[in-house]
Amino acid sequence: MRRSRETSDETRIDGETRIDFPGSRRAFLAATGAAATVSLAGCAAEPTGDDGDDGGDDGGEADDADDGDDADDGDDEQESGDDETPTLRIATYDSFIDAPSTSPGPWLQETFEERFDAEIEWATPDNGLNHYVERRASGAAIDADLFVGINTDDLVRIDDRLDDELFAADGLGDVDGLTDVREGLWFDPRDRAVPYATNYISLVYDGTETDAPATFEGLLDEDHRGALITQNPGASTTGRAFLLHTVHRFGADGLAGEDGDDEYDYLDFWADLQANDVRVLGSWNDAYAAWSGDEAPMVVSYSTDQVFADMEGADLAEHQIRFPNGQAYANPEGAALFADADHPDLAREFVEFLLTPEVQGEIAQRNVQFPATDAADLPDDYAELAQEPDQPVTFTYEELQGAVDGWIDDWERQFASN
C-alpha cells in the first residue's frame, strides 16, 4: 500500500510504464521487455496504494530499472561522519520513505535514532531487489544491512537466480516480538524474513458508478466491459498478486483450480477478460491514477483503500471494496538481513523495534497496511475502514518455486499475441 501504499510493489519498466491493452504486440514487448527478464518487487504493497509498489491499498510499488549497477542509492559506502555512531543501512522501496502522501520511513528513522545510539541511512535503488541480486551475482559488495519490503515471490525468484545466499541463512535469530507475529503470515520456510505487515489485494470500485461483481466470472459480464483496470504482473507486485489469485482460482498447467476444472485455466480466464476490454497498466500508481481520473469504475488495489480515502477526506461511497468469491490474495511483507551485513546486531534491534505495538500501529497507518501482530496500537475505527476477506488465499514458497516465472511468462505471451 503505498501511495505510500503499494507495498513493495512495483517494478519500473524500461521506458514507458503505461501498458494499455488491447494494444499492439510491438508496444507490449517494448514496454515489458526489461521487466519480463528479471522483475523482482522491491515490495508491497503497496503502501501508496499499497505498490507504487511495491507495499498496501495504495501501495506504492518498488521499481526495477535496466541495470543492477546504475542505482541512486549511493552504492559507494558513505561514512556517517561520526566514528562512534554506527549507521544502519536499510534498503527498501522508495514509497516506504518518500511517497506523495504519507510514508512510515521518516517517522521510523526519527523515532529509532531518538531511542538508539545509531543512525539510519536508506537505500532505494531504481530497480529494487534486482539491484542486490545483480550485485550478488557479480560478486560486488551489497552495501546494505537489511531489506524491508520483501515478499514470498521475491524470495522464490531470488533463490531461483542465485547460487550464493543474498540473505542470512540463519535469519534474524530470536529477536523479541516474533511470537506476536500472526502464524499465517510467516512465508519463508528458512526464516530469513520476518513479517512486519500484510496487504490484501482486492477490487476497489466507485460505488456511485457501478456495483462490482461478486465473483471473478462476473468480471466477464457485458455490464462490466471496459470497467476494470489492473497492473502488469511482470512489473507490479499488485498485478502479480492478482494474477496469482486467478491461478489459485482457475488453475494452471495441470494445477486444478478451486472448482477442479482442468479444461478452463487462468489463461482462459484472462483471454476472456481481455476480450471484455480489461485495461492493464504498468504499475499500481498508473492504474490507481487512471481509476481516480474516472477512466474506469474498478481497479485492482488494496482492501485498506478506505483508510487512505478517509485520511484524504474522500467520499467513501467512491471507495468501495469487493472480494471476488469472498476472497483476496494475501501479500505479507517482511524484513530480511543481508548475508554480508556490517551491523547485524543493530539490524536485529531495528526488527524488534518494528514489532513493538506502537511501531506496528504507525506502519499500518502510514503505509496503509495491516499490522503483522495483534498487539498493534491502532485507532478504534481502523478495523472498520481496513477490510479483511473471509477467505484470504495465497501460494506458499514451495508452491511458487519453479512455477511463478512460468505463469507470468505464459500470461505475457498470451497478452502480447492478442
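The questions and answers below concern a predicted model.

Biologist: What is the mean pLDDT of the chain?
Modeller: Of the residues in the chain, 78% reach a pLDDT of 70 or more. Residues 1-5 are below 50, although this stretch has 100 contacts beyond near neighbours in sequence. For the chain, the mean pLDDT is 83.

Biologist: At what angle do helix α7 and helix α14 pack?
Modeller: Two packed helices are described by an angle and a distance between their axes. Helix α7 covers residues 266-275 and helix α14 covers residues 404-417, and their axes are 11 Å apart. The crossing is right-handed. The angle is about 35°.

Biologist: How many residues of each class are in the contact of α7 with α14?
Modeller: From α7, the residues include Tyr266, Leu267 and Trp270. They meet residues of α14, among them Trp407, Asp410 and Phe415. By class, the contact has seven nonpolar, three polar and one charged residues.

Biologist: Which strands are at the edges of the six-stranded open sheet?
Modeller: The order is β4-β3-β5-β15-β6-β16, with mixed pairing. An edge strand here pairs on one side only. The edge strands are β4 (119-123) and β16 (370-371).

Biologist: Which residue in β16 is the bridge partner of Thr198?
Modeller: Strands of a sheet pair through backbone hydrogen bonds, either parallel or antiparallel. Strand β6 (residues 193-198) pairs with β16 in the antiparallel sense, over two bridges. The bridge partner of Thr198 is Phe370.

Notes
Residues are numbered from 1 along each chain as its sequence is written. This is a predicted model: local features need pLDDT of at least 70, side-chain atom pairs count only at pLDDT 80 or more; totals for chains, interfaces and linings use all residues. Side-chain values use heavy atoms; hydrogens and water are left out. pLDDT is the predictor's confidence in each residue, from 0 to 100. Contact means heavy atoms within 4.5 Å. Axes are lines fitted to C-alpha atoms, for helices over the stretch in contact, and angles run from 0 to 180 degrees between N-to-C directions. Helices (H or I, at least four residues) and strands (E, at least two) are DSSP runs, numbered from the N terminus. A crossing is left-handed if the near helix is turned anticlockwise from the far one by less than a right angle, and right-handed if clockwise. Ala, Val, Leu, Ile, Met, Phe, Trp, Tyr, Cys and Pro count as nonpolar, Asp, Glu, Lys and Arg as charged, and the others, Gly among them, as polar. Two strands pair if DSSP finds at least two bridges between them.
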